[in-house]
Amino acid sequence: MRFFKNNLGFLYETAITYPAPSNLSYNWNFGVFALLVLVIQIVSGIFLVMFYSANADIAFVTVERIMRDVPYGWLLRYIHANGASFFFIVVYTHLFRGLFYGSYFYPRRGLWCTGVIILLLMIITAFLGYILPWGQMSYWGATVITNLASVVPVFGTKIVYWLWSGFSVDNPTLTKFFSLHYLFPFVIAALVGLHLFLLHASGSSNPLGINFKTDQIPFHPYYTVKDFFSVLIFLIFFLTFVFFLPNHLGHPSNYIPANPDLTPEHIVPEWYFLPFYAILRTIPNKLLGVVGLLASILVLLLLPFISSPLIRNSSYKPFFLVLNYLFLADCFVLGMIGQAPVEEPYLLIGKIATFFYFFYFFVLYFIEKIDAYITSELKKYNK
């Protein structure tokens, strides 16, 4: 302990002496899971890079060589591939916990905003990584998503050519995406450090949704033991997928080499992109679809500034509690619509789900106004 205190002061304050509320539940453990998976992804990615070649002619072959010829290469790839899915599982859960318990209000606005920026970088990094195996879904996913930049007025086509580094998705595109995919995890790690710093500056939220400084306990040993136990449970689930269901969260078409002359019948991204992909598809106008796609993520940045109710925990607000559960269900519906064929009734369901997604944030703003009005009237009445 003395070594950590003298040489690693920030780590000592983060993991040992950090004063945490005494009533934190296991819902607060998903931040630890996210940090663990980030480390797993970076380490496994560094080892995979040693055997991967970012060349359109042999990229698919090098991935198969990792799987078949490199000692324990199959384990590295399955850890990395499933790690991406579990990264989004824990981050999405972490995000919904923040919504449910009102963890995005003052004084944690900066903390929430850095978390949303981390999520945005995660989405970009995962998309770039999805291209690297150079299978059918990799190639056509890159073609479809990069083409979205063509909606930018005047410069749209030039931006697409710049993303491609040519006039189509080809070897220069793969090289560029590989370089960025290797770089972004370290940017994410830096932002995670900033996220932890802001957490220390503002303090942890708690299930009651109130700020109190009297009932706090040191992080170690109370929460380190609790985190260690929950990490073991998490690793059991994670390794179950790695060893027994390694391809369950992937798409079988990506085991077919990329063929520019053969378009897949349904171009479907990875499952963690499906809600956003559904919003893109269900808006008929291409420009508005791209705007909706970006707005569905960026609206999270505005959340701390459009809503700041007096009571934070949804458990004490029945209407808000139901609204949160409906929003969670809506995200699952969007995920199912994102992988469905582009036909009725899926288009209609997708439009309704997309409307409710944005309506949720619209309602939050008015709930806060009603809250403030009722509170002011009660204060007048009590006087």
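Helix α3 is the biggest contributor to the nonpolar patch, giving 5 residues. Before going on: this is a predicted model. The patch sits on the surface and consists of Leu-35, Val-39, Val-43, Ile-46, Phe-47, Met-50, Phe-51, Tyr-182 and Phe-186, with about 770 Å² of accessible area together. Two elements give two or more residues to the patch, namely α3 (30-49) and α9 (171-202). Take Leu-35, which is in helix α3. Leu-35 has a relative accessible area of 39%, so it counts as partly exposed.

Next, Asn-29, in the loop between β1 (19-21) and α3. Is Asn-29 buried or exposed? Asn-29 is buried, at a relative accessible area of 3%. Its side chain makes a polar contact of 2.6 Å with the side chain of Ser-230. Leaving aside residues up to four places away in sequence, Asn-29 touches Lys-226, Asp-227 and Ser-230.

Now the rings. The structure has 33 aromatic pairs. One of them is Phe-327 with Tyr-360, a stacked pair at 4.1 Å centre to centre and 20° between the planes. Phe-327 is in helix α13 (residues 318-338) and Tyr-360 in helix α14 (residues 346-382), so this pair ties together parts 33 residues apart in sequence. Phe-327 is buried at 2% relative accessible area, and Tyr-360 is buried at 0%.

Tyr-357 and Phe-361 form an edge-to-face pair, 5.7 Å centre to centre with 65° between the planes. Both lie in helix α14, 4 residues apart, about one turn of the helix. Tyr-357 counts as buried at 6% relative accessibility, and Phe-361 is buried at 3%.

Last item: ring pairs link Phe-30, Phe-33, Phe-86, Phe-234, Phe-238 and Phe-241 into a cluster.

Terms used: Residues numbered from 1 in each chain as written. Predicted model: local features only at pLDDT ≥ 70, side-chain atom pairs only at ≥ 80, totals over all residues. Heavy atoms only, no water. Patch = residues over 30% accessible without salt bridge, like charges linked within 9 Å, V, L, I, M, F, W, Y side chains within 5 Å. Areas by Shrake-Rupley, 256 points an atom, 1.4 Å probe, with all protein chains shown as cover. Salt bridge = Lys/Arg side-chain N within 4 Å of Asp/Glu carboxyl O. Buried < 20%, exposed > 50% of the residue type's maximum accessible area, 1.4 Å probe, protein only. Polar contact = N/O pair within 3.5 Å; in protein donor to acceptor, adjacent residues only side chain to side chain. Contact = heavy atoms within 4.5 Å. Phe/Tyr/Trp six-rings, centres within 6.5 Å; stacked < 30°, edge-to-face > 60°.
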